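Hello,

Here is the structure you asked about.

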Amino acid sequence: MSVVSEKTYLYPVGKMLRKHQMPNQKPEEVAAYRINVNGIVQGVGYRPFVYHIAKTLRLNGFVLNSGNGVLIEVEGRPGDCLQFIERLKVEKPPRAVVKTFSCVQITPRGHRGFRVEQTLSGEVETLCPPDVAVCKDCLNELFNPNDRRYLYPFINCINCGPRFTILEKLPYDRVNTSMKTFKMCRDCDKEYSEPSDRRFKAEPNACSRCGPTARLYHDGRLIRVENPISEAAKLINRGFIVAVKGYGGFHLACDATSRSTVTELRRRKRRGNKPFAIMVKSVEEAERIVELNSSEKEWLTHYSAPIILARKKEPNPVVEEVAPNMRYLGVFLPYTPIHHILMRSVEPPAIVLTSGNVSEEPIIFRDKEAFEKFKDMADYILTYNRRIVNFADD
Ligand SMILES: [Zn+2]
Ligand SMILES: [Zn+2]
């Protein structure tokens, strides 16, 4: 992290102003700074984070996403301003990556209150935020029958959800994503506009009333069911191969404990003997399938949802055909709400989840292409009506 003009903010602003005060007037010490933060700072809850610190320190000013990261102006008591800057230099929201931090002193402008303002457009230099696995708070809501987002597969907040894969251009604002076609309902808009809410400025914010919906297809025809995801799970239980649209593209899913199904998937994908990775229901289930040490267990639940290569246990519920002649298996946990709902409803402890593509071709991510190319590969297609802008083989 480089700090530009670090010395400027050590200057005691109050004293500078005092020169111009009338002799009997109590000097009002006000300092003001303009701060620019760049890196992965959009779509990771950076503006709400700044807002909270500014509010705690009773500073005035604003924060906004610019084409060049996040721009902040604060003014208030000099000591509070310095504390604000110090905190921004050492603290950050969990998903943010700060690459550069610059700060200059400016003339106070008399801001009242602290606001999250509209985005400035300009030259775009900010890095694109990555997609993040659904967080614990959202998961709790997802499986809480009393929550208004109970089993809603597109639940997200400032700490989780799709970012890169729905982004058309920076800055990262809803109008620049494939969420722009979904108008937030009153409840969602209230969360999005309330600074104390964990969905404050969460750009893909949505619910079942206003957001994207999941759909299940067979032979290009829509199957009308109440819950397409649990229906897809039932099909997997019955030995079908189902294409599932994730954050960044389609995957092919099937029962990892069925010899005939996995063999059939191999044949359709023309996969040869290359191993498949498996999605497991939970860390506990993973431990029944592979040997895991404590750091591997931690990595399994990491928000980047990595695939962990670990030694197979014997005997194993997962059939040998998943990774023939291999002592290791690639395992990972559900990371999108769709995957979580799916895994709750499938019977086997693990499913094969492999890129939806033919041989070495890139992953399929457009619905139209999926309908064509999966004709002979997937028995059913589980998709949704939000466009993937950038594909990612996640
Ligand atoms: Zn979340
Ligand atoms: Zn809504």
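In this predicted model, helices α2 and α3 cross in a right-handed sense. The axes of α2 (residues 46-56) and α3 (residues 78-90) come within 10 Å, at an angle of roughly 150°. On the α2 side the contact is made by Y46, F49, V50, I53, A54 and T56, and on the α3 side by F84, R87 and L88. Seven of these residues are nonpolar, one is polar and one is charged.

The largest pocket has a volume of about 650 Å³. It is lined by 22 residues, with L139, T301, L333, P334 and H340 closest to its centre. Helices α4 (136-142) and α10 (337-345) each supply at least two lining residues. By class the lining has 13 nonpolar, five polar and four charged residues. Because domain 2 (128-212) and domain 3 (214-384) both contribute to this lining, the pocket lies between them.

There are also two cavities of 30 Å³ or more. The largest holds about 100 Å³ of space; among its 16 lining residues, G43, V44, G45, R47 and K201 are closest to the centre. Helix α2 gives the most to this lining, with three residues. Domain 1 (2-116) and domain 2 (128-212) each provide at least three.

The second largest cavity holds about 80 Å³. Its lining has 13 residues, and P153, F154, Y247, P337 and R386 lie nearest the centre. Eight of the lining residues are nonpolar, three polar and two charged. This cavity lies between domain 2 (128-212) and domain 3 (214-384), because both give residues to its lining.

Regards

How values were computed. Residues are numbered from 1 along each chain as its sequence is written. Chains are lettered from A and ligands numbered from 1 in the order in which they are written. This is a predicted model: local features need pLDDT of at least 70, side-chain atom pairs count only at pLDDT 80 or more; totals for chains, interfaces and linings use all residues. Side-chain values use heavy atoms; hydrogens and water are left out. Axes are lines fitted to C-alpha atoms, for helices over the stretch in contact, and angles run from 0 to 180 degrees between N-to-C directions. Helices (H or I, at least four residues) and strands (E, at least two) are DSSP runs, numbered from the N terminus. A crossing is left-handed if the near helix is turned anticlockwise from the far one by less than a right angle, and right-handed if clockwise. Contact means heavy atoms within 4.5 Å. Ala, Val, Leu, Ile, Met, Phe, Trp, Tyr, Cys and Pro count as nonpolar, Asp, Glu, Lys and Arg as charged, and the others, Gly among them, as polar. On a 1 Å grid over the protein atoms alone, a cavity is a set of points where a 1.4 Å probe fits but cannot get out, and a pocket is an open set with protein on both sides within 12 Å along at least five of seven lines; lining residues have an atom within 4 Å of a point. Grid points are joined across faces, edges and corners, and a volume is the space filled by probe spheres set on the points. Domain bounds come from an automatic or database domain assignment.
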